[in-house]
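Please read this briefing alongside the sequence and the model shown below.

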Amino acid sequence: MSNLIAKDISVYFGGLAALDKVSLEVLEGSITGLIGPNGAGKTTFFNCVSRFQHYISGILKHGNRDFRRTRPHQLVKLGISRTFQNINLFNSRSTLDNILIGMHSHIANPFSAMLSLPGALKRERYLLKQAEKIADIVGIKDTLGETVNSLPYGIQKRVELARALASNPRLLLLDEPVAGCNEEETCELIDIINYLNKEMNITVLLVEHDMTMVMSVCTYIYVLDFGKNIADGVPDEIQHNPAVIEAYLGEQNVS
Amino acid sequence: MNSREVLKVNKANLLLAFIVLGGLLILPFFIESFYASLLSMTYIYIIAAIGVNILTGYTGLVTVGHGGFFAIGAYTSALMGQYLGTSLLPGLFAGGITAGIVGFLLGFIFLRLAGAFLAIGTLGFAFAIGSIINNWPVFEGREGITLAPNNIFGFEFGDVGFYYVCLITGALIFLFAWSIIRSAIGRAFMAVRDSERASEASGINLRLYKTLSFAISAAFTGVAGVLFAHHTNYVSSETFADIWISVDFLVAVVVGGQASLAGSMLGGAFVVLLPYYLSELRDFASILKGVVLILVLLFAPAGLASIFQKFFQKTVFRVFPVKLDER
């Protein structure tokens, strides 16, 4: 059963095809990886799925719903959440506030909230408890009161993850979750992602450059190069796929 | 930090609020009615500053045009008084609601504008309102409209009575603003300010929250406008088509402290009382206002509220942990 289906998605920036008929399928319960050299179109694809980017042609479906007319803020209600490549937190707010904002789709109605009616306050107390639980899963419970821009990068990455988790998603889109992390931080994040997938039944689609991480965590992988699909398969197949090796070697030669 | 602490009211702040409110309630018995009138004007500017702060300080949408909403509130009440014979109370509601509706529409029109372009747009709005007031006959332009003496349900009152009207209205607006800011809605406003992308990814409908912020902000400033009109019982384009009102509001918010209700109070007081106390040196007051603004931006960008907060922190914080900045 699939969670997300993309078929022949194309995006043009001027005359340049950022995405050229890209197709992929995220199966329910999987951790699907999307890899490729720099500039392959991975983040553009992510932005299409999370609706920050328009696609000129193609079909994007989640369950029965076609995404063409969906706006970014509507994804959360559909059970889809994302993180951002260079993290995108609410810098002036505390860790707790960041998580609470992630739960925005679960707040009491604006009218009751603004007047601080008892129903709204009850809902706030409930959300606070849930926020603590999420902070616990991700391991940031002791930073709840800190302003996020005073936290180290590795912790900020986790706050970003907590914010995405806060809305109780069925599908999590992770854009380079371990970028800029050292080995220890990467291992910890891998554990968390596995926990989310296996214990909380959250399907994951992730973009990543760290090959070791991708090969160890993903159940299925799609490879893009120059905006096109060049391969897909289980990690073992991908590792030995000549087209994939060529694409990455090509990148090495250029740099 | 315990998450339960988030919902608790800061007891020191509550105590401070009661002390201040109590003091202001009994103040008229100890001062001449002229000073009561001056303080009424201060409360009016504080209400307007709270309005501007919600949009600019909390939601991050810069406005240099709130004088337009101020005028809308004032003229709504004035015209209602002229054609329907109503006075202060209906005027307050009608002025606030009318300004709020226009604010909502303006917020919608300006959805795609940001930063400097948004500021220019709001400036254009203020000029447009000023132009309408000057040129449409119904508003009587420079000749202006005189309002009936202030009364509630027929009971007339003077400067001291009006002082209490402004104080109570101000206290209610303050309370409402405080409730909004503490709530999930206030959180959403600040999220929009900090990152629109992350806000949308979190499920926040930008269109809804930007227009809502505009509407609330405009309504508050509109209410201030109604009170201003009834302060002198006279409206004319000479006062209301003046673009400097909008600038004064922004100065109040920046000097007092963005995203701080205490800051709005300090800023509102600054903008009203400075020119009064330097009234002999009229032009100098304006220059000084500008100088203070620049000094604040350079050395204390979080405004007077942050300066007072530091002071409190160094002195009475142990026994009296007030929190003046942010919320």
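**Salt bridges and the open sheet**

Lys228(A) is partly exposed, with a relative accessible area of 42%, where buried means under 20% relative accessible area, exposed means over 50% and partly exposed lies in between (1.4 Å probe, protein chains only). This is a predicted model, in which local features need pLDDT of at least 70 and side-chain atom pairs count only at pLDDT 80 or more, whereas totals for chains, interfaces and linings use all residues. Residues are numbered from 1 along each chain as its sequence is written, chains are lettered from A and ligands numbered from 1 in the order in which they are written, and side-chain values use heavy atoms, with hydrogens and water left out.

**Salt bridges**

- Over all chains the count comes to 10 salt bridges, a salt bridge being a side-chain nitrogen of Lys or Arg within 4 Å of a carboxyl oxygen of Asp or Glu.
- One of them joins the side chains of Asp20(A) and Lys228(A) at 3.5 Å, N to O; Asp20(A) lies in strand 2 of chain A and Lys228(A) in strand 10 (residues 228-233) of chain A, so the pair ties together parts that are 208 residues apart in sequence.
- Asp20(A) is partly exposed, with a relative accessible area of 23%.
- Between Asp175(A) and Arg82(A) there is a salt bridge whose closest N and O atoms are 3.4 Å apart, and because Asp175(A) lies in strand 7 (residues 171-175) of chain A and Arg82(A) in strand 6 (residues 80-82) of chain A, the pair ties together parts that are 93 residues apart in sequence.
- Both Asp175(A) and Arg82(A) are buried.
- Glu188(A) and Arg158(A) meet through their side chains in a salt bridge of 2.5 Å, N to O; Glu188(A) lies in helix 6 (residues 183-198) of chain A and Arg158(A) in helix 5 (residues 153-165) of chain A, so the pair ties together parts that are 30 residues apart in sequence.
- Glu188(A) counts as partly exposed at 30% relative accessibility, whereas Arg158(A) is buried, with a relative accessible area of 13%.

**The sheet**

- Helices (H or I, at least four residues) and strands (E, at least two) are DSSP runs, numbered from the N terminus, and two strands pair if DSSP finds at least two bridges between them.
- Four strands of chain A form an open sheet in the order 2-1-4-5, with antiparallel pairing.
- Strand 2 (16-27) and strand 5 (65-66) of chain A stand at the edges, each with a single partner strand, so one side of each is left without a neighbour in the sheet.
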